[in-house]
Amino acid sequence: MYKRLAAYHRRMNATTTPAAVTELTLRSLFDAQHRASRAQVDVPLALRRDRLQRMRRLLDEHGPALALAVQADFGVRSPQLTEIADMFVLRTLLSHTLKHLPKWIKPVKVSTPIYLQPSSAYLQRQPLGVVGVISPWNYPVQLALAPAITALAAGNRVMLKPSELTPRTSALMGELIGQAFAADEFCVVEGDAALAAAFTHLPFDHLVFTGSTATGRKVAEAAAANLTPTTLELGGKSPCIVDASSDFDSVALKIAHGKLLNAGQTCIAPDYVLVPQGREAAFGEAFARAVARLFPTIAGNPDYAAIISPRHHERLQALLAQAEGEGARLQVVNPGGAAPATARQMAPVLVFGTTPAMKLMDEEIFGPVLPVLSYATLDEAIGYINDRPRPLALYWFGTDTASRDAVLARTVSGGVTVNDTLMHIAHDNLPFGGVGDSGWGAYHGETGFLRFTQQKPVLVSSRWARGDLFYPPYGKRFDQIMGLLKRWL
């Protein structure tokens, strides 16, 4: 075990060159999966379970090596963070799926209306065929393998294009998946944005993309040329509403955790917080205490992840510079006070006095920057959220159930956690997905299984069925039957 880890560590510290994949190779891999999916339409439970068990063994045996790869790609990101945010989520998904899969694959009987009786009907659950997955860099193991696991459970073949911004992780996943699966079952293709664009033009039976809204639009456009259905897990500006009934110290700790996990590089991280008017300073003080509790130091702290690349770090700095230049006040929260060990280990920043014209309030932040806005009434807070594209997540904090219920009833978002952040994504029976600009489609649990399944309707006509009563030529008998049916319906 330790020898394998050392070998992986040496490879990760070397220059990683992604395996060369041409568009011709890409098409060849797709064609092989397509042929295999059509040759074996009926995928038995035993084979589906075997594929999931292989995935479980892969994580059990190589989880530490994958965590080291993620750490090397980020520069600063503790293996423990990858264990909880990537591996644990995948393990719970596998356990839940293996437990419920025998039930999920069974045909579902449906009731038959009286005018078709005594025929019977059911839904036959079948694989779609070949599912493509384009995964991002922020949780490079979880967001690559979670949709793949669900698609495999549904009996599909899977092609995965992981992010080029985490090359060590992508290369290791490709190597391990290549050892555990035949290429016509599950394969990984590595490459840059040009390869990703070619990937989106393949005629998949379903395509899953996780990433930015801007790129999601391009993916949807490319997939539309093949009438490929898509699941788009995008982002957006997920708000926190802090009710006047809440305890600021408790709330700030939960918001700080949700915002600063992976240094804010989380699609459902709080993107801005709405606090009662006049309580902005109190929230800022509570947030600073929460950060100090979670991260006694920022500089050199392996639990506090680095920004993934210099380009992303520069984008965040530009957002802050523009906001400050237009009158916003910045509160840098840096427990320990030391300079970061790496230029990309960025201390949290609260931003006060923002305006809608600032890019910070228009773009998804994806970093440890949190604008703090105020509201005079709950109607004002709800109106502010509803005037903007629908968010991927929404968070509400407080003890006033009437206010909570008003927010839930009058806003639309991909998901909600009440009195915490992020946790709805960890519930295997809750679907995860966006709405509007934050995406469409959802997976996790049975919802995900059905997303990658064709529920084929089957009507079994009885020998006693009288469908002929509706045949022409139409006459008096037909009119009598229709009159009778109208009274029944």
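Biologist: What are the ground rules for the numbering and for the predicted model?
Modeller: Residues are numbered from 1 along each chain as its sequence is written, and side-chain values use heavy atoms, with hydrogens and water left out. In this predicted model, local features need pLDDT of at least 70, side-chain atom pairs count only at pLDDT 80 or more, and totals for chains, interfaces and linings use all residues.

Biologist: How many helices and strands does the protein chain have?
Modeller: Both are DSSP runs, numbered from the N terminus: helices are H or I with at least four residues, strands are E with at least two. On that basis the protein chain comes to 15 helices and 18 strands.

Biologist: What is the radius of gyration of the protein chain?
Modeller: The C-alpha trace spans about 85 × 60 × 35 Å along its principal axes. The radius is taken over C-alpha atoms, and the globule rule is 2.2 Å times the number of residues to the power 0.38. For 489 residues, a compact globule would come near 23 Å, and the chain's value agrees with that: 26 Å.

Biologist: What share of the residues in the protein chain is buried?
Modeller: Buried means under 20% relative accessible area, exposed over 50%, and partly exposed in between (1.4 Å probe, protein chains only). Of the 489 residues, the buried ones make up 51%.

Biologist: Is T213 buried or exposed?
Modeller: T213 lies in helix α8, residues 213-224. Contact means heavy atoms within 4.5 Å. Leaving aside neighbours within four places in sequence, T213 is in contact with L234, G235 and D437. Its relative accessible area is 18%, so T213 is buried.

Biologist: How many salt bridges does a search of the whole structure find?
Modeller: Side chains of opposite charge can pair when their charged atoms come close. A salt bridge here is a side-chain nitrogen of Lys or Arg within 4 Å of a carboxyl oxygen of Asp or Glu. The search finds 19.

Biologist: Which residues are linked with R54 in a network of salt bridges?
Modeller: R54 pairs with D50, with the closest N and O atoms 2.8 Å apart. Both lie in helix α3 (residues 45-74), four residues apart, about one turn of the helix. R54 is buried at 14% relative accessibility, whereas D50 is partly exposed at 32%. The network links R54 with D50, R51 and E185.

Biologist: How many residues apart are R125 and E446?
Modeller: Their side chains meet in a salt bridge at 3.3 Å, N to O. The pair links distant parts of the chain, R125 being in strand β2 (residues 120-127) and E446 in helix α14 (residues 445-451); they are 321 residues apart.

Biologist: Where do D271 and K237 lie, and how many residues apart in sequence are the parts tied together?
Modeller: The side chains of D271 and K237 meet in a salt bridge at 2.3 Å, N to O. D271 is in the loop between α9 (248-260) and β9 (272-276), and K237 in the loop between β7 (230-233) and β8 (239-242), so the pair ties together parts whose separation is 34 residues.

Biologist: Is L459 buried or partly exposed?
Modeller: L459 is found in strand β18, residues 453-460. With a relative accessible area of 49%, L459 is partly exposed.
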